Amino acid sequence: MRKCNGFELGFCMDDTGFVQNFSVETWLLMFLVAGACVTAMLLMLANQFGREREVHDLRVEVARLREAYRKRLAAGAGEILEVDEAPLEDSTFDTPSRPEELRRAA
């Protein structure tokens with residue numbers, strides 16, 4: 001250990017060693033790179049947090065919709081719903097209406 005300003009340290013800023021060999025521009029560049037790395041990490045953490053929040057919101061919405069659907073099914077348990085295609089009033093397409101016409105078209 002070295003004594004520097006009365007304290008025992010592993011290195012001394014007054015020493016002409018490794019710490020003082022860098023120029024001001026080099027120190028500035030190192031601090032800029034370190035700052036960019038920290039900023040990138042914080043950005044990635046913020047993005048991950050945002051995605052986790054969106055997934056949580058979607059899960060809450062799905063749970064709410066499932067509960068509403070379950071209540072609707074329970075309320076209309078004896079009721080039968082029949083769903084069919086709506087008739088085309090003004091048909092501008094030549095669509096076959098019978099299975100025989102479908103077979104001939106193929």
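Trainee: Let me begin with one side chain: is Arg 64 buried, partly exposed or exposed?

Mentor: Happy to start there. This is a predicted model, and in it Arg 64 has 46% relative accessibility, so it counts as partly exposed. The class "exposed" needs a value over 50%.

Trainee: Which residue does Arg 64 form a salt bridge with?

Mentor: For a salt bridge, look for a Lys or Arg side-chain nitrogen within 4 Å of a carboxyl oxygen of Asp or Glu. Here the partner of Arg 64 is Glu 61, with 2.5 Å between the closest N and O atoms. Glu 61 is partly exposed too, at 35% relative accessibility.

Trainee: And how are Arg 64 and Glu 61 placed in helix H1?

Mentor: They sit 3 residues apart in helix H1, which covers residues 24-75, so about one helical turn separates them.

Trainee: How many salt bridges does the structure hold?

Mentor: It holds 2. Besides the pair we have discussed, Arg 70 bridges to Glu 67, and their closest N and O atoms are 2.4 Å apart.

Trainee: Now for nonpolar side chains: which residues make the nonpolar surface patch?

Mentor: To find such a patch, look for nonpolar side chains within 5 Å of one another that have over 30% relative accessible area. In this protein, Val 38, Met 41, Leu 42 and Leu 45 make a patch of about 420 Å². Leu 45 belongs to helix H1, and its 58% relative accessibility makes it exposed.

Trainee: Stepping back, what pattern does the protein follow along the sequence?

Mentor: Read along the sequence, the order is β-β-α-α, from 2 strands and 2 helices.

Trainee: What share of the residues is buried?

Mentor: Buried residues are 3% of the 106 in the protein.

Trainee: Which element has the lowest mean pLDDT, and which the highest?

Mentor: Strand S2, residues 7-9, has the lowest at 53, while H1 has the highest at 93. Across the protein the average is 76, and 54% of the residues score at least 70. Where pLDDT is low, predicted coordinates should not be read in detail.

Key. Residues numbered from 1 in each chain as written. Predicted model: local features only at pLDDT ≥ 70, side-chain atom pairs only at ≥ 80, totals over all residues. Heavy atoms only, no water. Helix = DSSP H or I, 4+ residues; strand = E, 2+ residues; numbered from the N terminus. Buried < 20%, exposed > 50% of the residue type's maximum accessible area, 1.4 Å probe, protein only. Patch = residues over 30% accessible without salt bridge, like charges linked within 9 Å, V, L, I, M, F, W, Y side chains within 5 Å. Areas by Shrake-Rupley, 256 points an atom, 1.4 Å probe, with all protein chains shown as cover. pLDDT = per-residue confidence, 0-100.
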